[in-house]
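Hi,

Here is the structure I promised to pass on.

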Amino acid sequence: MQDLLIHNADGVMTLTLNRPEKKNSFTQAMYGAAADALLQATDDPGVHVVVIQGHETIFSAGNDITDFLNRDTSNPNPPVARFLRGLTVFPKPLIASVCGPAVGIGTTLLFHCDLVYAGDNAAFSMPFVNLGLCAEAGSSLLAPRMMGYHRAAEALLMGDPFMAEAALEVGLVNRIVPPSEANHLAQSQARKLAAKPLPALMATKRLMKQGQTDEVLAQINEESKSFGQLMQSPHAKEAFTAFLEKRKPDFAKL
Ligand code: COA
């Protein structure tokens with residue numbers, strides 16, 4: 001699929017978000033393709049590591065809002081749910097390379113990665129509240145746990161972007177490099193990991209995540225219930241209409 005490029009080399013599967021004209025925002029088809037790729041990477045003994053990357057100027061603008069509004073709401077296991085489960089249970093090392101804006105799922109997927117490398121232009125944001133919605137992808141559990149409650153509350157309640165330096169300080173990012181080097185660094189780290197004994201990598205990851213996986217899956221479930229209810233709210237309707245009309249939402253009138 002053109003919007004999500006999948007490349008296998010030297011034990012590394014690389015997923016490249018490749019929809020620059022829409023700022024690499026995720027469509028349902030991209031979630032589905034990414035979920036399938038993670039399953040394939042899990043089963044394929046030749047894949048030791050997965051890298052998720054974008055471009056030098058954009059990681060992802062989050063959910064494609066137009067595509068999201070047109071999704072099939074009758075599907076009990078939609079592509080986004082399969083992708084979130086895939087991220088949560090993925091048993092091999094998962095590396096992200098982030099440059100430019102990482103909005104919504106562009107940031108929340110990083111809580112599931114083992115290593116994150118950022119360009120110095122990376123800008124992380126989780127503006128769910130500004131869209132009348134709530135945290136997703138387990139971020140309501142993982143952000144406070146990883147960043148500390150107050151910093152997570154600032155990121156999730158205010159929804160303002162925070163830059164690479166701040167992400168490094170809170171531990172969301174391992175290293176910051178010039179944008180032109182981020183994907184190279186992620187690839188070279190991935191190759192180093194791919195050369196290590198896979199059973200030892202997998203056992204170590206499993207032990208580090210032990211006890212957390214079921215909790216994260218349960219939290220994702222809780223979040224999607226709230227998310228679904230909030231989608232029906234006049235606030236979310238106003239926020240989405242405003243996005244489509246390219247204007248600021250006006251919640252004061254509600
Ligand atoms: N869903 C659908 N389309 C999106 C999108 C999204 N999440 N993000 C960007 N686009 C589209 C824009 O509508 C625009 O389309 P057009 O050229 O047909 O008008 C195109 O991508 C370029 O976006 P633009 O806003 O002009 O780029 P920018 O460089 O000025 O800003 C962002 C980049 C990522 C900061 C900005 O696009 C943004 O904030 N997007 C919305 C993010 C968001 O709210 N996501 C949902 C999170 S849950």
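This is a predicted model: local features need pLDDT of at least 70, side-chain atom pairs count only at pLDDT 80 or more; totals for chains, interfaces and linings use all residues.

Cys 99 has a relative accessible area of 3%, so it is buried. Cys 134 falls on that side of the cut-off too, because its relative accessibility is 17%.

So what about disulfides? A disulfide is a covalent bond between the sulfur atoms of two cysteines. To be counted here, the two sulfur atoms have to lie within 2.5 Å, and the count comes to zero. Take Cys 99, which is in no disulfide: the nearest cysteine sulfur belongs to Cys 113 and is 14 Å away.

Now the ligand, which you will find in the second largest pocket. There are 13 residues around the ligand, and those that come nearest are Lys 22, Ala 61, Asn 63, Ile 65 and Lys 246. By type, the shell divides into six nonpolar, five charged and two polar residues.

A few contacts are worth a look on screen. The side chain of Lys 22 has an N or O atom 2.7 Å from an oxygen atom of the ligand. With Lys 246, a polar side-chain atom is 2.8 Å from a ligand oxygen. Ile 65 uses its backbone instead: a polar atom there is 2.9 Å from a nitrogen atom of the ligand. On its own the ligand has 870 Å² of accessible area, and the protein covers 62% of that.

Cheers

Methods:
Residues are numbered from 1 along each chain as its sequence is written. Side-chain values use heavy atoms; hydrogens and water are left out. Buried means under 20% relative accessible area, exposed over 50%, partly exposed in between (1.4 Å probe, protein chains only). A residue is near a molecule or strand if one of its heavy atoms lies within 4 Å of it. A polar contact is a pair of N or O atoms within 3.5 Å; within protein, one must be able to donate a hydrogen and the other to accept it, and residues adjacent in sequence count only if both atoms are side-chain atoms. Accessible areas come from the Shrake-Rupley method with a 1.4 Å probe; for residues, only the protein chains shown count as cover. On a 1 Å grid over the protein atoms alone, a cavity is a set of points where a 1.4 Å probe fits but cannot get out, and a pocket is an open set with protein on both sides within 12 Å along at least five of seven lines; lining residues have an atom within 4 Å of a point. A molecule sits in a cavity or pocket if more than half of its atoms lie within 2 Å of its grid points. Ala, Val, Leu, Ile, Met, Phe, Trp, Tyr, Cys and Pro count as nonpolar, Asp, Glu, Lys and Arg as charged, and the others, Gly among them, as polar.
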